[in-house]
Amino acid sequence: MMVDQLKALASDTRLQIMTWLREPDTQFPPQAHGDPVGIGVCVSHIQHKAGLSPSTASTHLAILQRAELVCATRIGKWTYYRRNEPAIEALLDDIRRMV
């Protein structure tokens, strides 16, 4: 899993998304379905801020999700993403043990 996670982070765009998701309430506009910290940020907000097409944004987010670095919540036709902090902490612990 660690190799997959590091590969997922080996993209400037995905690293930027992860940085934005660290403080979603300050990085993204208000959204209809509530708290960006609790449920996550709507993919359309991420897409817009990153200047990506919908399909490219979805591809980046799918890579992060497969690596278990983000969690997705579906509400109606919208998908919201938030950081998976326990997985991120585990990855950091693994890196610390190895170096």
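Colleague: Which strand order does the open sheet of three strands have, and with what pairing?

Modeller: The order is E1-E3-E2, and the pairing is antiparallel. E1 and E2 stand at the edges with a single partner strand each, so one side of each is left without a neighbour in the sheet. Keep in mind that this is a predicted model.

Colleague: What packs on the sheet?

Modeller: H2 does, touching E1, E2 and E3. The direction of H2 makes about 85° with that of E3.

Colleague: Back to the strands. Over how many bridges do E2 and E3 pair?

Modeller: Strand E2 covers residues 70–75, and E2 pairs with E3 over six bridges in the antiparallel sense. Thr73 stands opposite Tyr80 in E3. Ile75 stands opposite Trp78 in E3.

Colleague: And how many bridges link E1 and E3?

Modeller: Two bridges, again in the antiparallel sense, between E1 (residues 41–42) and E3 (residues 78–83). Cys42 has Tyr80 as its bridge partner in E3. Tyr80 in E3 also has Thr73 opposite.

Colleague: How should I read side chains along a strand?

Modeller: In a regular strand, side chains alternate between the two faces of the sheet. For a case to look at, take Tyr81, which is found in strand E3.

Colleague: Is Tyr81 buried or exposed?

Modeller: Buried, with a relative accessible area of 9%; the cut-off for buried is under 20%.

Colleague: What is Tyr81 in contact with, leaving aside neighbours within four places in sequence?

Modeller: Its contacts include Leu21, Gly40, Val41, Val43 and Ile46. Leu61, Gln65, Val70, Cys71 and Ala72 are also in contact with Tyr81. Pro36 gives a distance to check: Pro36 and Tyr81 are 45 residues apart in sequence, with their C-alpha atoms 8.5 Å apart in space.

Colleague: Now the backbone. Which residue takes a positive phi in the hairpin of E2 and E3?

Modeller: Gly76, with phi near 60°. The hairpin has two residues between the strands.

Colleague: Which residue other than glycine has a positive phi?

Modeller: Glu68 has a phi near 65°. Glu68 lies in the loop between H5 and E2. Its relative accessible area is 43%, so Glu68 is partly exposed.

Colleague: On to the helices. Which residues of H2 are buried?

Modeller: Helix H2 runs over residues 12–22, and its buried residues are Arg14, Ile17, Met18, Trp20 and Leu21. Look down the axis of H2: the buried residues fall within an arc of 160°, so they line one face of the helix. On the other side of H2, Asp12 and Arg22 are exposed.

Colleague: At what angle do H2 and H5 pack?

Modeller: At about 75°, with the axes 10 Å apart; H5 spans residues 54–66. The two helices are therefore roughly perpendicular to each other.

Colleague: Which residues meet between H2 and H5?

Modeller: From H2, Thr13, Arg14, Ile17 and Met18; from H5, His60, Leu61, Ile63 and Leu64. Arg14, Ile17 and Met18 are also among the buried residues of H2.

Colleague: Last topic, charges. How many salt bridges does a search of the whole structure find?

Modeller: Three. The general idea is simple. Side chains of opposite charge can pair when their charged atoms come close.

Colleague: Where do Asp93 and Arg96 lie?

Modeller: Both lie in helix H6, residues 85–98, three residues apart, about one turn of the helix. Asp93 is partly exposed at 33% relative accessibility. Arg96 is exposed at 51%.

Colleague: What separates Arg97 and Asp94 in H6?

Modeller: About one helical turn, because they are three residues apart. Their side chains meet in a salt bridge, 2.4 Å from N to O. Arg97 counts as exposed at 61% relative accessibility. Asp94 is partly exposed, with a relative accessible area of 26%.

Colleague: Which side chain meets Arg83 in a salt bridge?

Modeller: That of Glu85, at 2.6 Å from N to O. Arg83 is buried, with a relative accessible area of 13%. Glu85 is partly exposed, at 37%.

Definitions and conventions: Residues numbered from 1 in each chain as written. Predicted model: local features only at pLDDT ≥ 70, side-chain atom pairs only at ≥ 80, totals over all residues. Heavy atoms only, no water. Salt bridge = Lys/Arg side-chain N within 4 Å of Asp/Glu carboxyl O. Buried < 20%, exposed > 50% of the residue type's maximum accessible area, 1.4 Å probe, protein only. Helix = DSSP H or I, 4+ residues; strand = E, 2+ residues; numbered from the N terminus. Arc of directions from axis to C-beta. Pairing = 2+ DSSP bridges. Axes fitted to C-alpha atoms, helices over the stretch in contact; angles between N-to-C directions. Parallel < 35°, antiparallel > 145°, perpendicular 65-115°, else oblique. Contact = heavy atoms within 4.5 Å.
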